[in-house]
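Q: Hi, could you walk me through this one? I'd like to go from single strands out to the whole fold.

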Amino acid sequence: MAGRFVIRKGSQYHFVLQAGNYETILTGETYVAKAGALKGIESVKVNAPLDHRYDRKMDRSGHPYFVLKAANGEIIGTSESYSSSQAMEHGITAVKTIAPGAPTVDES
């Protein structure tokens, strides 16, 4: 398996993008309705291949992470923290590669 989007529901709907080993590589924002989560997934698929949609950041502990933004500048997904900038770049490459064709699994 190359990877997949998974929709889940807690108090609200959210999605994650998982690599083929089921490791989460991108966590979406939260949505009131499942339709919002599905729209968010479609936005990730469209924006993931575009390098200028990624903002590379540092968390409070000094670890790199990235956010993926839509054309309107809204954040549509956030990565986990990485141990190095190189590892973060590998994470971005994984999202660029996996997201566009990843199937969606509804676990809500």
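**Chat notes**

A: Happy to. Val6 stands opposite Val105 in β7. Strands and helices here are DSSP runs numbered from the N terminus (E, at least two residues, for strands; H or I, at least four, for helices). This is a predicted model, so local features need pLDDT of at least 70 and side-chain atom pairs count only at pLDDT 80 or more, while totals for chains, interfaces and linings use all residues. Residues are numbered from 1 along each chain as its sequence is written, and side-chain values use heavy atoms, with hydrogens and water left out.

Q: In what sense do β1 and β7 pair, and over how many bridges?
A: They pair in the parallel sense, over 3 bridges. Two strands pair if DSSP finds at least two bridges between them.

Q: And how do β1 and β2 pair?
A: That pairing is antiparallel, over 7 bridges. A hairpin of 3 residues joins β1 to β2, and Lys9 stands opposite Tyr13 in β2.

Q: Is β1 largely enclosed or open?
A: Largely enclosed by the rest of the structure, because 5 of its 7 residues are buried. Buried means under 20% relative accessible area; over 50% is exposed, and partly exposed lies in between (1.4 Å probe, protein chains only).

Q: Arg4 sits in that strand. Buried or exposed?
A: Buried, with a relative accessible area of 14%.

Q: Which side chain does the Arg4 side chain make a polar contact with?
A: That of Gln18, at 2.7 Å. A polar contact is a pair of N or O atoms within 3.5 Å; within protein, one must be able to donate a hydrogen and the other to accept it, and residues adjacent in sequence count only if both atoms are side-chain atoms. Not counting residues up to four places away in sequence, Arg4 also touches several others, including Tyr22, Ile98, Pro103 and Glu107. Contact means heavy atoms within 4.5 Å.

Q: Zooming out, what is the strand order in the sheet?
A: The 7 strands form an open sheet in the order β4-β5-β6-β3-β2-β1-β7, with mixed pairing. β4 (54-58) and β7 (104-106) stand at the edges with a single partner strand each, so one side of each has no neighbour in the sheet. From one strand to the next, the twist averages 25 degrees.

Q: Where do the helices go?
A: Helix α1 (residues 34-47) packs on the sheet, touching β1, β2, β3, β5, β6 and β7, and its direction makes about 155 degrees with that of β1. Helix α2 (residues 85-98) lies across β1, β2, β3, β4 and β5, at about 30 degrees to β5. Axes are lines fitted to C-alpha atoms, for helices over the stretch in contact, and angles run from 0 to 180 degrees between N-to-C directions.

Q: New topic: Leu26 in β3. What is its relative accessible area?
A: 0%, so Leu26 is buried. Leaving aside neighbours within four places in sequence, its contacts include Val44, Phe66, Leu68 and Val95.

Q: Last one: how do the elements run from the N terminus on?
A: They run β-β-β-α-β-β-β-α-β. The radius of gyration is 13 Å, close to the 13 Å that the globule rule gives for 108 residues, so the protein is as compact as a globular protein of that length. That radius is taken over C-alpha atoms, and the rule is 2.2 Å times the number of residues to the power 0.38.
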